[in-house]
Amino acid sequence: MKAQKLSILLVSGLTLAAAAACGSDDGGSGGSKTSAAPGGAAGPVSISINCEPPKTNKAQRATFEEDVAAFQKLNPNIKIEKVTDAFPCYDPKTFEPKLASGDLETVFYVNFPNVGRLIASGQAADITPYVNDLKTFADYNNEIDMFKKDGKVYGLPTDGYGMGLVYNKAVFTKAGLDPNNPPKTWAEVQAAAKKIAGLGQGYVGYGEYSGNNVGGWHFTASIYGRGGSVISDDGKKAAFNSPEGKAVLQNLQQMRWVDNSMGSQLYIEWPALMKAMAGGKMGMMLGAPDVLISLRNDFGGKFENYAITAQPEAKALFNGGAGYMINPKATPEQIKAGLKWIEYEFLTPGKGQLDYVRAKGQGLTVGQPYPDLYRPDTPSGQAVDQLRKDNANIDAGQFAGWVEGSKGIPPKAEPGPYAQEIYAILDTPMSAVLTRKDANVDQLLSDAEAKVNSLLASKG
């Protein structure tokens, strides 16, 4: 989600969820026709893309439009004729209807939870015959495996993340807490949250999501950290009605109703909690490293006040992110054109989101340890790392706790191809413990378990 991730959405100040240009509407199906040039040569090909950076993020929007123009100049036979402006890049209310009607753009953003189901349902093009044309493809780390099935490739990752604990250093200091020694256990999180809430009206010690699938998303991150799972290894049964799942909900219930350290505001949609954190009176939230950049670029937060450390007591790290897929209606020419665009904007050292020289010159952040797309011993990995170091303009210490603290913690993928439906079900217990003092945790988990089991059974 990403952020929803890394958001999903993130280097050079980019949210990794963008595209820009203007022109005619081809209906978004990816089926624009190519024309024949004199002598029978292939003529211009038109493609559409989605997820233009928001107008509120003027720098990102401007650099992306600059990239569109530069890309089309380099590739005069490719026309980016339609762009959809959407923020956040994945919103179930808009994505799902477009997916069902076949109206997604030629090149469309997809977060990791949706990759598996789009492959399984035939709603993403098989790009296997074309990936070896990409100079950077051989350098990918294992994130590319998310987009593979039965030896075929159906998309390209453009960012990835592992969860951590985001916190406001200024708020910590004001509450008498040491910002250089953030909580390492959930008991320490609880104690810190109580002190922050004690600062007075408007202060919230710890914020959490409660709806619109992001509640279930954060439940998943939390239970993974405690060593639990959401579904069984074979994907056929719910696995969250467990001591680990119970601990997640009881911890929130304790902070909300006994400690009064979470405030009374429900954060139902992704931007809501981000806005609250950027407001300067919230102490902590779960998030990926890209949250720090998004707080600055998209929500006006004071960047230097924020840091991220490792997720408390984590036994596994929720591994999410996003990438791009191609509409299955696209012609071979459109697939090639779409992949060229993805590589130019997201995967080429020194270009697009990896143009750290430009980013530094425009005051965008450079130096954050993501996206981590390439193996460190590859030409692409080494080039990105060197460019990042040479142009860093932020304090790497703001990410150091996460980088060091997360080493060695195994990543854990999102819960199968039906993650979004599962998240929607898990929203209910998350919302319940934050809205009802007498919420029965055991009953909530049991009810959700039955619903997820029914869902998985219906999917076969």
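1. E105 sits in the loop between α2 (92-101) and β3 (107-111). Helices (H or I, at least four residues) and strands (E, at least two) are DSSP runs, numbered from the N terminus. This is a predicted model: local features need pLDDT of at least 70, side-chain atom pairs count only at pLDDT 80 or more, and totals for chains, interfaces and linings use all residues. Residues are numbered from 1 along each chain as its sequence is written, and side-chain values use heavy atoms, with hydrogens and water left out.

2. E105 is buried, at 0% relative accessible area. (Buried means under 20%, exposed over 50%, partly exposed in between; 1.4 Å probe, protein chains only.) Its side chain makes a polar contact with the side chain of K98, at 2.7 Å. Another, of 3.3 Å, joins the side chains of E105 and N50. (A polar contact is a pair of N or O atoms within 3.5 Å; within protein, one must be able to donate a hydrogen and the other to accept it, and residues adjacent in sequence count only if both atoms are side-chain atoms.)

3. The whole structure holds 14 salt bridges. (Each is a side-chain nitrogen of Lys or Arg within 4 Å of a carboxyl oxygen of Asp or Glu.) In one of them, the closest N and O atoms of E96 and R117 are 2.4 Å apart. E96 lies in helix α2 and R117 in helix α3 (residues 112-120), so the pair ties together parts 21 residues apart in sequence. E96 is partly exposed, at 24%. R117 counts as buried, at 15%.

4. K407 and E404 also form a salt bridge, 3.1 Å from N to O. K407 is exposed, at 54%.
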